[in-house]
Amino acid sequence: VGAAHGEALAAVLAEVMEFNSRQVAEVYATVGNDMGVSTSAPAAIDAVRSLADDINIRFSLSHYGVTESMVEAITATVQADSVTSSNPIVPTDAEVAAILTSRLRE
């Protein structure tokens, strides 16, 4: 798999924000306000997605060589990462796999 850390994060950032918005919608609303788009979480998430697209950093995971057969192993790596435990909502394996799978294709 050939993605730099930031590229991999950009590939899933909007989807992770959508997942977390159940818990931190007010934080994302502030992001939207600071970006000058709106004070709603969905608008902020859309703006982040659009910005990543505009600067040409948001690609599908398959662009980096990720295949469906790799999702389980990547999910395990995500869950083992200490950063995951500080996520606003600690995701289940199924939730991580769903986010990854949703980003396999554009």
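Figure 1. In which helix is E15 found? E15 sits in helix α1, where helices are DSSP runs of H or I with at least four residues, strands are runs of E with at least two, and both are numbered from the N terminus. Please keep in mind that this is a predicted model, in which local features need pLDDT of at least 70, side-chain atom pairs count only at pLDDT 80 or more, and totals for chains, interfaces and linings use all residues. Residues are numbered from 1 along each chain as its sequence is written, and side-chain values use heavy atoms, with hydrogens and water left out. E15 is buried, at a relative accessible area of 12% (buried means under 20%, exposed over 50%, partly exposed in between, with a 1.4 Å probe and protein chains only). Setting aside neighbours within four places in sequence, E15 touches R49, R58, I99, S102 and R103 (contact means heavy atoms within 4.5 Å).

**Figure 2. The nonpolar cores.** The largest nonpolar core has 11 residues, among them A11, V12, F19, I99 and L100. Helices α1 and α4 each supply at least two residues of this core. Apart from it lies another core, of 8 residues, including V24, A44, I45 and V48. A nonpolar core here is a set of buried Ala, Val, Leu, Ile, Met, Phe, Trp, Tyr and Cys residues joined through side-chain atoms within 4.5 Å.

**Figure 3. The largest pocket.** About 930 Å³ of space lies in this pocket. A pocket is an open set of points on a 1 Å grid over the protein atoms alone, with protein on both sides within 12 Å along at least five of seven lines, and its lining residues have an atom within 4 Å of a point. The volume is the space filled by probe spheres set on the points, which are joined across faces, edges and corners. Of the 30 lining residues, A8, L9, V12, V78 and L100 lie nearest the centre of the pocket. Helix α1 gives the largest share of the lining, 10 residues. By class, the lining has 23 nonpolar, 6 polar and 1 charged residues (Ala, Val, Leu, Ile, Met, Phe, Trp, Tyr, Cys and Pro count as nonpolar, Asp, Glu, Lys and Arg as charged, and the others, Gly among them, as polar).

**Figure 4. The setting of the close-ups.** The chain has 4 helices and 0 strands. Its C-alpha trace spans about 40 × 30 × 20 Å along the principal axes. Of its 106 residues, 33% count as buried.

Technical notes. On a 1 Å grid over the protein atoms alone, a cavity is a set of points where a 1.4 Å probe fits but cannot get out, and a pocket is an open set with protein on both sides within 12 Å along at least five of seven lines; lining residues have an atom within 4 Å of a point.
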